[in-house]
Amino acid sequence: MGVESTFGALRKLGHFLVGLSPVLQRGAERARSARKRFAERPLPSRLRAWLRDSPRVAALLELARVFYWTNYARDRPDSSRVPTDGRAVLRAALAVAATLALTAPLALALPGPMLLVASSPARHAAAWSVALWPAAMALCWALLLAGAAFANRLVQLLASCTFLYLGFGLVTLGYARSYANVIPPLVLLATVWVGARGRRSVGRSEALRAWIVAAATGAAAGAFGAVLTPLGAGFGPGKAALGAALGAALGLGAHSLARAGHGPDDPPAAPSLPWTAAAFAAAIALYLYAQVARQGLSRSAQMILPMLEFIGSYLWPLWYLVGVGLIFKILSTTTAVANTIKVWVPSRWLAPLVVLALLAGSLLLWAPWVIDTPALHWPSAVSVAAIWLYRAARPFLWDQPAAGTTAEILRWVFPLALAAALVQAVRRRLDSASAGALVYQLLLMTFVAKEYVSQLFGFGRAPTRSAAVFAVNAISTLWLLQSSAMRAGLSTSLRWPAPARMALLGGVLVLALLELHARAAAHDERAQEQIAYYLFRGVLDAGPAVALYVWASRGAVQLPLPAHRLLGAFCAGAAATVPLTALDKLAAWGWSFGDLGVALDERALRLIAGEGGALDGDGALDPFWALSRAALIVASWSALAWWVERRASDRASASAPGVLTLVAVALGLAAASKAQLALPFLSPRWMVLLTPERRSSGVDAHFVATYATYALPALALGLVWFSRGEGAGLRRAGGALLAFVLLSIGLALWPSQEPWLTAGRALPPLGASALVALVALVWVARARIDAAAGSPAAPRPARLVGAASLAVAALLAAAAGAALYRDRPVARALPGLAMSLPVPASWTLQPTTPGAAGVFQGSTRGPLPPVLVVSVDRARPDEVRALLVQRTELASRALPGFQLVRRSAETPRAFGGAVVEYAFEMRTRGGVPVPVLGTTLMQAQPGQRVLSMTLVGTLDDWRAARWVPSLIAQRLADEARP
């Protein structure tokens, strides 16, 4: 926690309190008036005029505002902008949320009398803090239920069922039947009455939905009351069914009573939203504190805390949406820095300085690679320059983990930007405008890489219990949520009126801060890490779609598709991934529901036991199902393109919307295909079924491969489908065939052939080929969007750039194919081990004594070649993990400088075995110490044998060959599969 973050949090808190308190608002207005009168004096006014008239000073001030002095006043809560019915609701939510945020660090640092709030592991919390939980929870549920009743019928039903489910869980974990448990059903029946008043039932369909919601809500309330109150004692074994029937009748009666004497176009007077929320809060608080009186504060806290953790884990859509705002922050930061550079650097010097900066940056970032590859026999001048640059940058760059990781990412950006600048110079188009655009794009990539690495390294920090750090985080979370809620709650619609939005958003705000407060009081700081993780995932999953939308809309007169339509298409693509994932699992088990059920049960038990790898499989798709999956997706895309074209006035106007819609659906498919599915009330068995077996939590090879697999075919289909000219039917068929071929190739290669692609050096050129092709198609699509928006079109340059890029992509794909052929698995007989292994063809078998372990050696450009050692041990399949632990312990004592490598998402898969990665130190023949990394994989084989494969090599060789044991294990597993 630095001074800047602390000062920023205090400023946010000040603006929050000013927006919340009328007294402080009047004080802020007086201070603003005083500043205005002071600014009107001669000397300050001349100073302001000088600052305003000086572009360079104005650019610096804008830069300072972006980095150090953000204008938080524009985002402070302002109840004057809120409709009358929502003001009291907003003030109550903000006041309670602020109380929870400000008292969270006090509960952490000044606990007072302690209560046991969790038994495993044992955690205690302050009694005064626990006493606040039921009151805050009562307000939270009251706002959610009241807002849902005033919004629309679907959200009313969802809110009622969620409230009843969680209330049911609360009272059945240890509480006996009581008449106090009748309060939740009565509250739900009251929501039916409130929802029926003031809402027009236009048409039969709307009236039917109203009756269905009333009956369903009443049935749930009746079943709850019959089971958990003494009122159902006389109902017998079928008390739940009888209670549901009685409750449905009561729900319909409540709806009829509310609409009595009024027609569809003559709604009754709507009740007051603040008074409705207050009544619900009083009733729910009475219910919760009645349970506290019966069971005690500690026992109630043990019921409430798990429920808050359960609810908090399903607020990820909220954090996803908030995290997307980070993209716009990066864009504003990039714009400010780029404008400052343009203002301060003379236009005639901008282009040459940009080329020199790109050249120097490329040399600086590639200096370590030149030093690590002496086998390439670099010229002495290059080696000396690389050593000098490395030593000069080492203290502030390479010795800093975050900065060094960012530099490794930007290592590929600077040469590409330099190549683009040189191409522009050859074409004599490298002027100040093109150089400025290049500066903007380079800064954008730099800030994106820096922010990504910063977020990624933030998860590795050791947990702390500092109250000051927690206070800063709590205030920042409060400000982030309230500013987002204010922006979303000020708009209105028929189904989402502004007062209802304020109530719903206020309930979510109180719920999020209540979880933060409760877990701080229990000295459990996972809430902050969880929030940071979901914000990070929101940027990763939705970031590409938002970035593409922002990029497509830059410079266009009017984007041909509104943002909410693209968001709907993105969500539709993500939802379509769920049944496809289930079919993937079914195909992996031979289309046998019995075998699939057994596998799901086994993995669900492992997931409940806390094993993170319970969701992992081999990720391989059946070839027939892979082709069927590709055909199904392309057919749905074609149907969507046909639908968009039919809704458009003419074919020309459908081009840009159709392409954007297909891309949005494809990005939704890609985002959900690499993320774990987490939905409320989803059992572990269903979570295993509906979660993809290969997931990604960062920008890695799987991230790039997944997006390229779906985005490339969608873009190709859209561009061909909506192109102009004769023979529309033939072009559509050709576009669908092209998309089918591209998607089939992607599904066949990744993740099914991930070990083969990663074991050699084929993955970098293949990934580069996909990215270049994607950029080419995006370039052409942008030209299509500009033409549809009325901007001056330049089809010839777009086609030339697209054709040149596709040619480069084809060359890179050919290089990847050659690398795949060089590293193809070839059966190698090992007489000493009496077995044959599928080892890559580029690895040579070394001569060994009979009965000894097999040794293979790979090619290298470094001082030590990579070595693969293969041995066989006698052991049962259930002893593989224990044997690996034993071997690791022996290696830790025998190898100098031994340490385990932290397991990550990039760790090779074991295909039914176990794998571990580590690092140690070796010396060359000249006695020079060299850091070496190793990977050991053990896999059970028929005949109670265990195959052990150990790969060791220097850093670059190990990164390229660490998947060789995994490739061998995959091929052996495929051969053993019936």
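Which residues does Leu513 touch, not counting residues up to four places away in sequence? I started there. Leu513 touches Ala97, Leu100, Ala101, Ala474, Leu478 and Leu481. I note that this is a predicted model.

**Entry: the cores**

I then looked up the core around Leu513. The largest nonpolar core has 88 residues. Trp133 and Leu513 are the ones with the most contacts inside this core. Helix H6, residues 127-150, gives the most to the core, with 16 residues.

**Entry: the whole chain**

I checked the totals next. The chain has 978 residues, and 46% of them count as buried. I find 34 helices and 11 strands in the chain. The accessible surface comes to about 46,700 Å². Carbon and sulfur atoms hold 66% of that surface.

**Entry: a nonpolar patch**

I looked for nonpolar side chains on the surface. Leu60, Val343 and Trp344 form a nonpolar patch there. Together these residues have about 240 Å² of accessible area. Trp344 lies in helix H13, which covers residues 316-344. Is Trp344 buried or partly exposed? Its relative accessibility is 38%, so Trp344 counts as partly exposed. The cut-off for buried is under 20%.

**Entry: the sheet**

I traced an open sheet of 7 strands. The order is E5-E6-E7-E11-E10-E9-E8, and the pairing is antiparallel. Which strands stand at the edges? They are E5 (844-845) and E8 (899-900). Each has a single partner strand, so one side of each is left without a neighbour in the sheet. In general, strands of a sheet pair through backbone hydrogen bonds, either parallel or antiparallel.

E5 is joined to strand E6, residues 854-857, by 2 bridges. These two strands run antiparallel. Thr844 has Gln857 in E6 as its bridge partner.

Then I moved to E10. Strand E10 spans residues 929-941 and is mostly covered. I read 10 of its 13 residues as buried. Strand E9, residues 914-923, is joined to E10 by 10 bridges, and the two run antiparallel. Ala919 has Leu933 in E10 as its bridge partner.

I looked up the pairing of E10 with E11 as well. Strand E11 covers residues 945-953 and pairs with E10 in the antiparallel sense over 9 bridges. Leu937 stands opposite Met949 in E11. E10 and E11 form a hairpin, with 3 residues between them. Which residue in the turn has a positive phi? Gly943 does, at about 80°.

**Entry: salt bridges**

I searched the whole structure and found 10 salt bridges. One of them joins Asp873 to Arg887, with the closest N and O atoms 2.6 Å apart. This pair links distant parts of the chain. Asp873 is in strand E7, residues 867-874, and Arg887 is in helix H32, residues 880-894. The two residues are 14 residues apart. Arg887 is partly exposed, with a relative accessible area of 30%.

I then turned to Arg876. Arg876 forms a salt bridge with Asp878, the closest N and O atoms being 3.2 Å apart. Glu879 also forms a salt bridge with Arg876, and here the closest N and O atoms are 3.0 Å apart. How exposed are these residues? Arg876 is partly exposed, with a relative accessible area of 40%. Asp878 has a relative accessible area of 58%, so Asp878 is exposed. I note the cut-off: exposed means over 50%. Glu879 is partly exposed, with a relative accessible area of 28%. Salt bridges that share partners join Arg876, Asp878 and Glu879 into one network.

Key:
Residues are numbered from 1 along each chain as its sequence is written. This is a predicted model: local features need pLDDT of at least 70, side-chain atom pairs count only at pLDDT 80 or more; totals for chains, interfaces and linings use all residues. Side-chain values use heavy atoms; hydrogens and water are left out. Patches are made of residues with over 30% relative accessible area and no salt bridge: like charges are joined within 9 Å, nonpolar side chains (Val, Leu, Ile, Met, Phe, Trp, Tyr) within 5 Å. Accessible areas come from the Shrake-Rupley method with a 1.4 Å probe; for residues, only the protein chains shown count as cover. A salt bridge is a side-chain nitrogen of Lys or Arg within 4 Å of a carboxyl oxygen of Asp or Glu. Helices (H or I, at least four residues) and strands (E, at least two) are DSSP runs, numbered from the N terminus. Buried means under 20% relative accessible area, exposed over 50%, partly exposed in between (1.4 Å probe, protein chains only). A nonpolar core is a set of buried Ala, Val, Leu, Ile, Met, Phe, Trp, Tyr and Cys residues joined through side-chain atoms within 4.5 Å. Contact means heavy atoms within 4.5 Å. Two strands pair if DSSP finds at least two bridges between them.
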